[in-house]
Amino acid sequence: MGITTAKEAAYDPRVVAFGRMMGAANRLEYLLGRALEAECGISHLMFEVLLIVGRSGEAGMSMRAIAQEQVLTTGGATRLVDRMTTLGLVVRSTDPEDRRVQLVRLTEKGEETTVRAALVHVENIQRLFLDPLPADHRERFAHDLRTLSHSARDALPRLR
């Protein structure tokens, strides 16, 4: 019933399944990220932040919210947004309701880069992530991934 040897641990179906998921995720992250860098000049993490900030529209998004959404430290989010600001993709401004808070918004270049990167990304997602799966499994697979993502998100401690 329990795991009593290293070999049993290595072959436990739960360990194997999780390892396969992580291996696939890491390989896909690498492939999709390299394509974004080669074709759009941005990292996958930058693209994710562009999408998050793009969802917030004109209101902008706080550094804390960006950090929380990407599971980064606030310092890591600040350094990333600094690089994105240097590239002209985003701007920061003070929140009129709380001067201690910096809001991040897309620039026109950031908007254009997001759209261009999304077109590249969607094509590669289709080819590398969806096309290998049987068509009748794709919707259920996406639903199951959403369930896992939300469950893991809810288990994380909240940033203060």
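1. Helices here are DSSP runs of H or I of at least four residues, numbered from the N terminus. On that reading Phe 18 is found in helix 2, and the model in which it is placed is a predicted one.

2. As for the overall layout, the protein has seven helices and three strands, and from the N terminus on these elements follow one another in the order α-α-α-β-α-α-β-β-α-α. The C-alpha trace spans about 60 × 35 × 25 Å along its principal axes.

3. Phe 18 also belongs to a nonpolar surface patch of about 380 Å², to which Met 21, Met 22 and Leu 148 contribute as well. Helix 2, which covers residues 13-40, supplies the largest share of this patch, namely three residues.

4. Two packed helices are described by the angle between their axes and the distance between the axes. For helix 4 (residues 63-70) and helix 5 (residues 74-86), the angle is about 105° and the axes lie 9 Å apart. Because angles of 65 to 115 degrees count as roughly perpendicular, helix 4 is to be described as roughly perpendicular to helix 5.

5. On the side of helix 4, the contact is made by Met 63, Arg 64, Ile 66 and Ala 67, while helix 5 brings in Thr 74, Ala 77, Thr 78 and Val 81. Sorted by class, the residues in the contact of helix 4 with helix 5 are five nonpolar, two polar and one charged.

6. Side chains of opposite charge can pair when their charged atoms come close. With a side-chain nitrogen of Lys or Arg required to be within 4 Å of a carboxyl oxygen of Asp or Glu, the count for this model comes to six salt bridges. One of these joins Asp 82 and Arg 92, whose closest N and O atoms are 2.7 Å apart.

Technical notes:
Residues are numbered from 1 along each chain as its sequence is written. This is a predicted model: local features need pLDDT of at least 70, side-chain atom pairs count only at pLDDT 80 or more; totals for chains, interfaces and linings use all residues. Side-chain values use heavy atoms; hydrogens and water are left out. Patches are made of residues with over 30% relative accessible area and no salt bridge: like charges are joined within 9 Å, nonpolar side chains (Val, Leu, Ile, Met, Phe, Trp, Tyr) within 5 Å. Accessible areas come from the Shrake-Rupley method with a 1.4 Å probe; for residues, only the protein chains shown count as cover. Helices (H or I, at least four residues) and strands (E, at least two) are DSSP runs, numbered from the N terminus. Axes are lines fitted to C-alpha atoms, for helices over the stretch in contact, and angles run from 0 to 180 degrees between N-to-C directions. Angles under 35 degrees count as roughly parallel, over 145 as roughly antiparallel, 65 to 115 as roughly perpendicular and the rest as oblique. Contact means heavy atoms within 4.5 Å. Ala, Val, Leu, Ile, Met, Phe, Trp, Tyr, Cys and Pro count as nonpolar, Asp, Glu, Lys and Arg as charged, and the others, Gly among them, as polar.
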